[in-house]
Amino acid sequence: MTEQPNNPLHGITLKDLLTELVERYGWEELARRVNINCFKKDPSIKSSLTFLRRTPWARAEVEDLYVRLKNSPWSH
């Protein structure tokens, strides 16, 4: 595996990323921040992962939210 020192998502699985966002915000707030139905109607990690893996634009929005959370001065 190659090193990616400038990639903030390097070494983080989609499942870990999503789990951390849900723990931080909860499903309702996550749905408000990223407007996708899998966060609104009967949300679960499993169903959300399935959707995000098949939907590049939604995955990009979730990853962007995660990066912004990690770069926030209040996240530490």
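## Core and helices of a predicted model

Within the largest nonpolar core, which has 21 residues, Leu-21, Leu-30, Phe-39 and Leu-52 touch the most other members. A nonpolar core is here a set of buried Ala, Val, Leu, Ile, Met, Phe, Trp, Tyr and Cys residues joined through side-chain atoms within 4.5 Å, where buried means under 20% relative accessible area, exposed means over 50% and partly exposed lies in between, with a 1.4 Å probe and protein chains only. Helices α1, α2 and α3 each supply at least two residues of this core, and α1 gives the most, with 8 residues. In soluble globular proteins, nonpolar side chains tend to be buried together.

The model is predicted, so local features need pLDDT of at least 70 and side-chain atom pairs count only at pLDDT 80 or more, whereas totals for chains, interfaces and linings use all residues. Residues are numbered from 1 along each chain as its sequence is written, and side-chain values use heavy atoms, with hydrogens and water left out. Helices (H or I, at least four residues) and strands (E, at least two) are DSSP runs, numbered from the N terminus.

### Helix α1 and its kink

Helix α1 covers residues 14-33, and although it has 20 residues, its end C-alpha atoms are only 17 Å apart, short of the 28 Å that a straight helix would reach at 1.5 Å a residue; the expected span is 1.5 Å times one less than the number of residues. A kink of about 100 degrees, centred on Gly-26, is present in α1, the bend at a residue being the angle between axes fitted to the seven residues ending there and the seven starting there.

The buried residues of α1 are Leu-14, Leu-17, Leu-18, Leu-21, Val-22, Tyr-25, Leu-30 and Ala-31, and what covers them includes α2 (45-54) and α3 (56-71). Contact means heavy atoms within 4.5 Å. Leaving aside neighbours within four places in sequence, Leu-21 is in contact with Gly-26, Leu-30, Val-62, Leu-65, Tyr-66 and Leu-69. Val-22, also found in helix α1, touches Trp-27, Leu-30 and Ile-45 when residues up to four places away in sequence are not counted. Arg-24 lies over the face of Tyr-25, at 6.0 Å from the ring centre; a charge sits over a ring if NZ of Lys or CZ of Arg is within 6 Å of the ring centre and within 35 degrees of the ring normal.

### The aromatic pair and the loop between α1 and α2

The structure holds 1 aromatic pair, formed by Trp-27 and Phe-39, which is tilted, with 5.7 Å centre to centre and 50 degrees between the planes. This pair links distant parts of the chain, with Trp-27 in helix α1 and Phe-39 in the loop between α1 and α2, 12 residues apart. Rings of Phe, Tyr and Trp (its six-membered ring) pair if their centres lie within 6.5 Å, and planes under 30 degrees apart count as stacked, over 60 as edge-to-face and the rest as tilted. Phe-39 counts as buried, at 1% relative accessibility.

Ile-36 is found in the loop between α1 and α2 and is buried, with a relative accessible area of 3%. Leaving aside neighbours within four places in sequence, Ile-36 is in contact with Phe-51, Leu-52, Trp-57 and Ala-58. Asp-42 lies in the loop between α1 and α2, is exposed with a relative accessible area of 72%, and has a positive phi of about 50 degrees although it is not a glycine.

Ser-48 has its place in helix α2 and counts as buried at 0% relative accessibility. Its contacts, leaving aside neighbours within four places in sequence, are Leu-18, Trp-27, Cys-38 and Phe-39.

For α3, the 16 residues should span 22 Å at 1.5 Å a residue, and the end C-alpha atoms are 22 Å apart, which agrees. The buried residues of α3 are Ala-58, Val-62, Glu-63, Leu-65, Tyr-66, Val-67 and Leu-69, and their cover includes α1 and α2. Leu-69, placed in helix α3, counts as buried at 6% relative accessibility.

| Residue pair | Separation in sequence | C-alpha to C-alpha distance |
|---|---|---|
| Ile-36 and Ser-48 | 12 residues | 9.5 Å |
| Val-22 and Ser-44 | 22 residues | 9.6 Å |
| Leu-69 and Thr-50 | 19 residues | 23 Å |
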